[in-house]
Amino acid sequence: MNVDTTERPATVRDRILAAATELFYAQGIRATSADRIIEAVGTTKVTFYRHFRTKGDLVVAYLEGQAAAEREWMNSAQQSGDPVASLRALATGIGAASCSPGFRGCPFINAAAEYSDSADSVRVAVDAHREWTYRQFAEIAAEASVNEPESVGRQLMILRDGAMVNGYLGDPTVLADSLGAAFVSITR
């Protein structure tokens, strides 16, 4: 049996989303017009709006893609049965990402800064992912048998958010080590 291993060409929708992802993250969501994305993809407005009825729909799709990638990473970084190792792995990954070239902050925090209305579909997507992340931290805290794992989960979120900001300013190793020490100390 022959299996076709050639890559399929990206669909127009995929190309629109890829261009939007790059531009939204690099330039900001509101600063990136639909026309700029259409130009980058080399498509028409009709085709663009056939795939995404509104720019808000495109922003939500962008955030859903970012959320899926972050969930996959967080799940793969966790060490079953070893919450301290999980926290250290997460801290190392957050430190490395936060200090990498081109890092412009957490896409969810950035989007929340641009969309203040909590009822907006963009904020709903942001809040859903942040709730999932918080729940992951709370589960790790519970696995570490700490008192009040939900409170510790919130504290871990605050540390994560602070690391994302500090990434602009710091060294990845120092940031990861400091974040790892803070993560572990909170769970004891």
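Modeller: Let's start with a term: a salt bridge is a side-chain nitrogen of Lys or Arg within 4 Å of a carboxyl oxygen of Asp or Glu. Keep in mind that this is a predicted model.

Colleague: Okay, and what is the idea behind such pairs?

Modeller: Side chains of opposite charge can pair when their charged atoms come close. Here, glutamate 70 and arginine 160 form a salt bridge, with 3.3 Å between the closest N and O atoms. Glutamate 70 belongs to helix α4 (residues 55–77) and arginine 160 to helix α8, so this pair ties together parts that are 90 residues apart in sequence.

Colleague: Are glutamate 70 and arginine 160 buried or exposed?

Modeller: Both glutamate 70 and arginine 160 are buried. They also take part in a network of salt bridges that links Glu70, Arg130, Arg160 and Asp161.

Colleague: How many salt bridges does the structure hold?

Modeller: Eight. One of them joins arginine 135 and glutamate 150, whose closest N and O atoms are 3.0 Å apart. Arginine 135 sits in helix α7 and glutamate 150 in helix α8, so the pair ties together parts that are 15 residues apart in sequence. Arginine 135 is partly exposed, at 33% relative accessible area, and glutamate 150 is partly exposed too, at 40%.

Colleague: Which residue forms a salt bridge with lysine 45?

Modeller: Aspartate 35, with the closest N and O atoms 3.2 Å apart. Since lysine 45 is in helix α3 (residues 45–51) and aspartate 35 in helix α2 (residues 34–41), the pair ties together parts that are 10 residues apart in sequence. Lysine 45 has a relative accessible area of 48%, so it counts as partly exposed; aspartate 35, at 42%, is partly exposed as well.

Colleague: Now helix packing. At what angle do the axes of α5 and α7 cross?

Modeller: Roughly 145 degrees, and the axes of α5 (residues 83–98) and α7 (residues 121–143) come within 9 Å. On the α5 side, Pro83, Ser86, Leu87 and Leu90 make the contact, and on the α7 side, Phe137, Ile140 and Glu143 do. Sorted by class, that gives five nonpolar residues, one polar and one charged.

Colleague: And why does leucine 156 count as buried?

Modeller: Buried means under 20% relative accessible area, and leucine 156 counts as buried because its relative accessibility is 0%. Leucine 156 is in helix α8 (residues 149–166). Beyond its neighbours within four places in sequence, leucine 156 is in contact with Leu87, Phe137 and Phe183.

Note on methods
Residues numbered from 1 in each chain as written. Predicted model: local features only at pLDDT ≥ 70, side-chain atom pairs only at ≥ 80, totals over all residues. Heavy atoms only, no water. Axes fitted to C-alpha atoms, helices over the stretch in contact; angles between N-to-C directions. Helix = DSSP H or I, 4+ residues; strand = E, 2+ residues; numbered from the N terminus. Contact = heavy atoms within 4.5 Å. Nonpolar A, V, L, I, M, F, W, Y, C, P; charged D, E, K, R; others polar. Buried < 20%, exposed > 50% of the residue type's maximum accessible area, 1.4 Å probe, protein only.
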